[in-house]
Amino acid sequence: MSENHNTKVVDVLVLGGGIGGLQAAVDLADRDLKILVVEQDTSIGGKMIGLSKVFPTLDCSSCITTPKMAEAAHHDNIEIMTYAELDQAEKGPSGFQVKVRQKPRYVVEKDCIGCRLCEYVCPVQLPDAFESGQGARRAAYIPHSNAYPQCALIDIDNCIFCGRCIKACPTDAIHFSQGPEVIDVRAGAIVIATGYKLTPMDSVKRYGAEKLPNVINPLLMERLIAPHGPYGKVLRPSDGRIPDSIAYVQCVGSRDISMGVPYCSRVCCMYAIKQAILLAGSLPLADVTIYYMDVRAFGKGFETFYQDAKAMGLQFVCGKVASISEDDDHNPIIRVERKEEGGEVVEDKHDLVVLSQGMLPAWNPKGILPVTTETYDFVDVPKKKREPTATTMAGIFVAGTAAGPKDIVDTIVEAGAAAAQASAYLNSTGWIQSTEVS
Ligand SMILES: Cc1cc2nc3c(=O)[nH]c(=O)nc-3n(C[C@H](O)[C@H](O)[C@H](O)COP(=O)(O)OP(=O)(O)OC[C@H]3O[C@@H](n4cnc5c(N)ncnc54)[C@H](O)[C@@H]3O)c2cc1C
Ligand code: SF4
Ligand code: SF4
């Protein structure tokens with residue numbers, strides 16, 4: 001790949017603007033290195049900006065994430081590109097030559113003042129992806145109230161081209177002629193922080209294959225519990241009724257050889273207990289049951305958190321859930337082999353069921369970045385004990401759940417380690433620091 005005079009030169013390119021990527025970026029920028037964060041979504045913040053509270057302290061998640069987003073966004077040494085992806089990357093004699101594809105927002109970012117007037121006049125209503133498909137957003141929209149940047153974009157696939165947003169915009173920021181742009185970047189090092197996705201359930205018939213409306217994923221429950229969620233209360237999707245009986249099914253898409261995911265996803269026991277505790281607070285009359293094989297509460301303060309949940313009256317049922325079906329009112333029916341009852345198979349009916357889904361890597365670098373992945377496609381870290389964030393390619397480091405399932409604290413610690421290793425790598429190669437990022 002040849003370099004042209006428009007090439008942007010940065011010290012480190014951080015791929016992914018979740019909590020792991022942001023922490024790595026800030027730690028590197030504080031060392032006076034110039035950082036470019038490339039985030040594929042319309043806002044930075046990753047999964048954490050959508051969580052309700054965090055285990056085991058029950059701190060408000062967005063109250064921790066938004067200051068980190070602001071710190072990165074306002075740091076003199078950090079530039080953030082959202083709605084952007086890596087197209088191509090290769091290692092040359094002077095760092096990594098990378099092509100970053102900026103997708104069109106159809107709104108000029110520097111001109112948008114975030115007034116939302118375009119959103120207010122847009123007649124098109126669509127399911128809100130930030131609210132896991134609940135609530136509604138417009139075709140002209142700002143992703144959510146904590147988003148960075150607070151810049152609108154147009155969902156061109158669902159726009160009916162009525163022109164109302166263009167007329168309403170006070171700064172003439174909306175331009176339907178915008179196209180994708182490819183930006184050449186040269187970076188001394190790269191940190192991969194592309195995070196995770198939930199184990200997909202759409203083809204798993206025994207758990208309803210996403211066809212049962214009241215069997216939901218845990219990220220949707222995070223939004224339903226969040227004070228600033230889509231409805232401000234927990235309602236079940238089929239009929240908007242407040243549920244009286246809620247169940248969690250553990251190890252869904254983790255520790256399950258039949259689904260090709262034999263490993264433990266490390267966070268599901270704790271997020272289920274967290275959500276159950278929060279539900280006990282917001283719906284004190286509801287029964288909350290957790291069906292589990294064994295509870296893995298391994299981190300600092302986790303066992304106390306688990307014992308507190310039991311003391312609050314939350315029910316823990318040891319048994320393997322075989323399948324979930326529903327009755328005529330869409331009440332989920334769990335078929336479970338209860339260990340305490342000598343392995344008897346029983347059917348329990350609930351109003352709402354949450355599948356405690358496991359973690360898979362969100363992105364596979366194959367074909368784009370020259371690093372290898374492990375059996376389950378998490379980025380390979382061959383010398384974990386000596387170089388805990390070094391990948392198979394010198395100069396490329398990995399942090400957070402892109403390298404394997406982990407919680408927020410471990411992600412932040414790993415991001416700090418990736419920043420330290422990336423900066424040491426630049427020193428060792430005699431890299432001449434960039435002065436480019438504003
Ligand atoms: C339901 C649920 C509840 C949880 N609750 C807690 C809790 O209470 N406490 C706790 O400690 N942990 C909790 N976790 C775990 C927590 O979400 C993760 O530990 C944390 O979000 C990991 O951060 P990350 O930066 O590695 O990944 P992510 O948050 O996934 O961020 C990755 C970012 O990279 C971007 N990205 C992906 N691919 C690309 C690409 N190709 N190019 C550019 N950008 C890309 C994504 O859009 C995203 O913004 C919970 C998890 C779940 C599922
Ligand atoms: S042109 Fe498209 S985005 Fe703008 S208001 Fe009309 S439907 Fe909404
Ligand atoms: S695009 Fe225009 S109308 Fe929409 S938020 Fe930005 S400045 Fe306001």
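Residues are numbered from 1 along each chain as its sequence is written, while chains are lettered from A and ligands numbered from 1 in the order in which they are written. Because the model is predicted, local features need pLDDT of at least 70 and side-chain atom pairs count only at pLDDT 80 or more, whereas totals for chains, interfaces and linings use all residues.

The protein is divided into domain 1 (8–103 + 180–195 + 362–429), domain 2 (117–154) and domain 3 (199–358), with bounds that come from an automatic or database domain assignment. The C-alpha centres of domain 1 and domain 3 lie 31 Å apart. Across their boundary, 10 residues of domain 1 are in contact with 19 residues of domain 3, where contact means that the C-beta atoms, placed from the backbone, lie within 7 Å. The side of domain 1 that touches domain 3 has five nonpolar, two polar and three charged residues. In this grouping, Ala, Val, Leu, Ile, Met, Phe, Trp, Tyr, Cys and Pro count as nonpolar, Asp, Glu, Lys and Arg as charged, and the others, Gly among them, as polar.

Next come the ligands. Around ligand 1 there are 37 residues, of which Gly 16, Gly 18, Gly 46, Gly 195 and Gly 400 come nearest; a residue is included if its C-beta atom, placed from the backbone, lies within 6 Å of the molecule. The elements that give two or more residues to this shell are α1 (19–29), α5 (218–225), α6 (268–282) and α8 (408–429). Such helices (H or I, at least four residues) and the strands (E, at least two) are DSSP runs, numbered from the N terminus. By class, the shell around ligand 1 has 17 nonpolar, 12 polar and eight charged residues. Domain 1 and domain 3 both contribute to the shell, so ligand 1 lies between them. Ligand 2 is surrounded by 13 residues, and the closest are Cys 122, Ala 140, Cys 159, Cys 162 and Cys 165. The shell of ligand 2 has 11 nonpolar, one polar and one charged residues.

Helix α1 also deserves a look for its burial. A residue is buried if 20 or more other C-beta atoms lie within 10 Å of its own, exposed if 12 or fewer, and partly exposed in between, with C-beta atoms placed from the backbone. By this rule 11 of the 11 residues of α1 are buried, so the helix is largely enclosed by the rest of the structure. Its buried residues pack against β1 (8–15), β2 (35–38), α2 (61–73), β5 (78–81), β12 (181–192) and α8.

In the loop between α1 and β2, two residues stand out. Asp 32 is found there and has a positive phi of about 70° although it is not a glycine. Asp 32 counts as exposed, with 11 C-beta neighbours inside 10 Å. Leu 33 belongs to that loop between α1 and β2 as well, yet with 24 C-beta neighbours inside 10 Å it counts as buried. The C-alpha atoms of Leu 33 and Asn 77 are separated by 6.6 Å, although the two are 44 residues apart along the chain.

Strand β1 is another enclosed element: seven of its eight residues are buried, so it is largely enclosed by the rest of the structure. Two strands pair if DSSP finds at least two bridges between them. β1 pairs with β12 in the parallel sense over seven bridges, and Val 14 stands opposite Val 191 in β12. β1 also pairs with β2, again in the parallel sense, over four bridges, with Val 12 opposite Ile 35 in β2.

Elsewhere, an open sheet of seven strands has the order β14-β20-β15-β16-β17-β18-β19, with mixed pairing. β14 (215–216) and β19 (344–349) stand at the edges with a single partner strand each, so one side of each is left without a neighbour in the sheet. Within this sheet, five bridges join β15 (residues 245–252) to β20 (residues 352–357), which run parallel.

Finally, two cis peptide bonds can be found. One joins Phe 55 and Pro 56, with omega about -10°, and another joins Tyr 148 and Pro 149, with omega about 0°.

Terms used: Two residues are in contact if their C-beta atoms, placed from the backbone, lie within 7 Å.
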